[in-house]
Structure formats: structure tokens, C-alpha cells
Amino acid sequence: ALIGYKSGTLVPRILYNGSTQYHSRADEAAFDITGTEAYLNQPGLTIGAWVQFDVTAAATEMIASKWASSNLSYNINRQSSGVLRFSITNDGSTTVNVDTSATMSSGTQYFVCGRFNPSTELMARINGTSVTNTTSIPASIFSGSGNFELASNGGGSNFMDGRITLAFLCAAAVPDNHLDTFFQFTAPQFGVSV
């Protein structure tokens, strides 16, 4: 992948071509987030980034994932319909999802994130608007042996065609007010109104 810069800012972004480029990090403890980490006051998982898609794809485009075949854990992606989907599994195969009602089109910057609050909710967010799923939410996330990847899943499928900036992964269910603050402080860098 290539690293570029948004014109007029110092915010680095990673550019992906939608067919062969992605980043993969071998499985390690830092990515094996189950949502039950006892050292945290609010265990869970929150994942997100600023993204821009270059085309309106006819297939799912992964933003970030630990989602290899038979080793599913968590992922955040744009569905072919344009909605943001955040997914987890507690057994490596059965998924629980939440989809936004808003869609993302090509050529526009979006702040996206997904949050897992154990036994409580899944949340997906585009900019300042969130959607939650509170039905049959598991108590933990499966800790599979798959790699953590940006712009792909499982070593080369569902490639993203676009840009990822300021990606983050937290072993906590980050509260709304913290996500709001991050969105509001970074939005001006991308020309997004808050």
C-alpha cells in the first residue's frame, strides 16, 4: 500500500487499490480481544477509522478485521449496499451484526466505528449517527488465530478500494462521549461538519 497525505494537512492516510493491497499483522495477544479483559473498568471492543471509498463497490469492502475462515473474531466493513456493518462472533463462525441505516458513497470522508459492549449491545457509527443492536449479544468474542488486517479479511478477500486514516482498536467499550470528542476534534481535518 502507499502512504499519502491529504492536501493542506499533515494527516497521513493509507491508500488501497481494491484488488491486491492490504496490511496484515500476524496473530498476537494485542489483537486477541475477547471483551472480557478484567483489567478494564468497561471491557469490550471498539474499532474504527476515518475512511474514504474510491468507488461504489458491488461487494463487501473490509475496513479492519480479524476475520479469517474458521477463525472469525470481529470486523468492520462497508456492505455492497453502502451501509456500515460491525460484526463479532463468540464461537468462530456464528455472527452477530449491526448495520447502519445511513450509507457511504464514494469520494466522501467518513468517521466509522463499531463497539461491542458484552452481553449488552453492538453499535455501528457513521460520523455522529449510531445504530445499536441489543438482541442476543454474546458475553465475549472468539479469540481466533487469524491475522489482524486493514483493507481485507482472511489474507486477501473483500479488498477495500480507498483510504484509511487514524485507525484505532481498543480493548474497551469506549463511551459515546469519547467517540463524539474524537470525531469532533478530527472532523475539520477532513472537511466534515460536526
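Biologist: To begin with, what is the relative accessibility of aspartate 99?
Modeller: Aspartate 99 has a relative accessibility of 29%, so it counts as partly exposed. Here buried means under 20% relative accessible area, exposed means over 50%, and partly exposed is in between, with a 1.4 Å probe and protein chains only. Please note that this is a predicted model, in which local features need pLDDT of at least 70 and side-chain atom pairs count only at pLDDT 80 or more, while totals for chains, interfaces and linings use all residues. Residues are numbered from 1 along each chain as its sequence is written, and side-chain values use heavy atoms, with hydrogens and water left out.

Biologist: Which residue forms a salt bridge with aspartate 99?
Modeller: Its partner is arginine 85, with the closest N and O atoms 2.7 Å apart. A salt bridge here is a side-chain nitrogen of Lys or Arg within 4 Å of a carboxyl oxygen of Asp or Glu. Arginine 85 lies in strand β7 (residues 83-89) and aspartate 99 in strand β8 (residues 95-103), so the pair ties together parts that are 14 residues apart in sequence. Strands are DSSP runs of E with at least two residues, helices are runs of H or I with at least four, and both are numbered from the N terminus. Arginine 85 is partly exposed, at 22% relative accessibility.

Biologist: How many salt bridges does the structure hold?
Modeller: There are nine. One of them joins the side chains of aspartate 54 and arginine 163, at 2.3 Å from N to O. Aspartate 54 lies in the loop between β4 and β5 (61-68) and arginine 163 in strand β13, so this pair ties together parts 109 residues apart in sequence.

Biologist: Which of that pair is buried and which partly exposed?
Modeller: Arginine 163 is buried, at a relative accessible area of 17%, whereas aspartate 54 is partly exposed at 34%. Elsewhere, Asp27, Asp32 and Lys66 are linked in a network of salt bridges.

Biologist: Let us change topic to β4. How many of its residues are buried?
Modeller: Strand β4 (residues 45-53) has nine of its nine residues buried. Both faces are covered, with Leu45, Ile47, Ala49, Val51 and Phe53 on one side and Thr46, Gly48, Trp50 and Gln52 on the other.

Biologist: Which strand do eight bridges join to β4?
Modeller: That is β9 (residues 109-117), and the two run antiparallel. Strands count as paired if DSSP finds at least two bridges between them. In β9, leucine 45 has phenylalanine 116 as its bridge partner, and glycine 48 has cysteine 113. β4 also pairs with β13 (residues 161-170) in the antiparallel sense, over seven bridges, and isoleucine 47 stands opposite leucine 169 there.

Biologist: And with which strand does β9 pair over six bridges?
Modeller: With β10 (residues 121-126), again in the antiparallel sense. Glycine 114 has alanine 124 as its bridge partner in β10. Three residues separate the strands of this hairpin, where serine 119 takes a positive phi near 60 degrees. β9 is itself mostly covered, with nine of its nine residues buried.

Biologist: One last topic: how many disulfides does the count come to?
Modeller: The count is zero, a disulfide being a pair of cysteine sulfur atoms within 2.5 Å. Cysteine 113 is in no disulfide, and the nearest cysteine sulfur, that of cysteine 170, is 9.5 Å away.
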